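I open this notebook to record what I looked up in the structure. The entries proceed from the overall fold to single side chains.

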Amino acid sequence: PGRKAGTTALEFAVTPLHLWATATRLVGDDLPAPEATGGRPWSVTRFWARGDARTTKMAFEWNEADGSRWKVNLPLTTEWKEYVLTPGDFFYWPDNPSVGRGGLGDRFHPERARSLQLGLALDIVERDQPHSFQIADLRVQADPLSDLRQPARCLNTRVAKIGRAHV
């Protein structure tokens with residue numbers, strides 16, 4: 001199965017990109033309750049996306065009620081590709097008002113999601129160039145593999161600032 005031809009898509013375009021450009025949508029009230037996803041809370045984000053020849057990445061971000069930001073930069077091609085993202089795919093973006101978030105073991109909590117953000121920034125695409133991507137069929141769902149997923153093991157059991165590394 002692939003993306004159905006003829007269905008609508010959102011086009012995100014900026015000409016030219018100087019620093020970053022984003023589009024934000026408040027979604028807290030639109031997200032499904034567990035009873036709407038087979039009794040399990042949603043935790044998977046699915047969509048199709050593609051970029052123009054110059055736009056080889058896009059940023060996708062969930063924002064939680066406390067202001068914490070959870071982001072992933074995704075590779076794009078000019079062909080439609082389906083993306084299936086779980087909470088572990090997102091990294092903490094520290095530029096936000098949350099307190100005490102983003103530490104060891106913290107992750108995106110879908111049940112706290114309030115908005116999503118799509119966009120581009122200079123860390124993923126070229127400056128002063130036109131860029132565009134399309135996204136379609138955005139949806140969330142319960143994770144059918146949640147019982148099989150295990151938290152990533154942390155081999156470093158000590159977290160501290162590095163000092164005197166040259167000694």
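**Entry 1. Overall fold.** I read the pattern of the chain along the sequence as β-β-β-β-β-β-β-β-β. The model is predicted. I count 0 helices and 9 strands in its secondary structure. Of the 167 residues, 38% count as buried. I also looked up the contacts between residues at least 6 apart in sequence, and 76% of these join residues at least 24 apart.

**Entry 2. Strand E5 and its partners.** I next asked how many residues of strand E5 are buried. I then looked up the pairing. E5 pairs with strand E4 (residues 57-64) in the antiparallel sense, over 7 bridges. Within this pairing, I find Val-72 of E5 as the bridge partner of Phe-60. The two strands E4 and E5 form a hairpin that has 4 residues between them. In the turn, Gly-67 shows a positive phi of about 95°. E5 is also joined to strand E7 (residues 91-93) by 3 bridges, again in the antiparallel sense. Here I record Tyr-92 in E7 as the bridge partner of Trp-70.

**Entry 3. Ser-98.** I located Ser-98 in the loop between E7 and strand E8 (113-121). Is Ser-98 buried or exposed? Its relative accessible area is 12%, and the cut-off for buried is under 20%, so Ser-98 counts as buried. I then searched for polar contacts of its side chain. One, of 3.1 Å, joins the side chain of Ser-98 to that of Tyr-92, and another, of 2.5 Å, joins it to that of Asn-96. Leaving aside neighbours within four places in sequence, I find Ser-98 in contact with Asp-66, Gly-67, Ser-68 and Tyr-92. Gly-67 in this list is the turn residue of the E4 and E5 hairpin, and Tyr-92 is the bridge partner of Trp-70.

**Entry 4. Salt bridges around Arg-101.** My count of salt bridges comes to 9. I examined the side chains of Arg-101 and Glu-64, which meet in a salt bridge at 2.9 Å, N to O. This pair links distant parts of the chain, with Arg-101 in the loop between E7 and E8 and Glu-64 in strand E4, 37 residues apart. Both Arg-101 and Glu-64 are buried. Arg-101 also meets Asp-66 in a salt bridge, at 2.7 Å, N to O. Asp-66 lies in the loop between E4 and E5 and Arg-101 in the loop between E7 and E8, so this pair ties together parts that are 35 residues apart in sequence. I note a relative accessible area of 14% for the buried Arg-101, whereas Asp-66, at 33%, counts as partly exposed.

**Entry 5. Glu-82 and Arg-139.** I then turned to the salt bridge between the side chains of Glu-82 and Arg-139, at 3.2 Å, N to O. Glu-82 lies in strand E6 (residues 81-85) and Arg-139 in strand E9 (residues 131-142), so the pair ties together parts that are 57 residues apart in sequence. Glu-82 is partly exposed at 26% relative accessible area, and Arg-139 is partly exposed at 34%. Lastly, I traced salt bridges that share partners, and these join Glu-64, Asp-66, Arg-101, Asp-106 and Arg-112 into one network.

Notes. Residues numbered from 1 in each chain as written. Predicted model: local features only at pLDDT ≥ 70, side-chain atom pairs only at ≥ 80, totals over all residues. Heavy atoms only, no water. Buried < 20%, exposed > 50% of the residue type's maximum accessible area, 1.4 Å probe, protein only. Pairing = 2+ DSSP bridges. Polar contact = N/O pair within 3.5 Å; in protein donor to acceptor, adjacent residues only side chain to side chain. Contact = heavy atoms within 4.5 Å. Salt bridge = Lys/Arg side-chain N within 4 Å of Asp/Glu carboxyl O.
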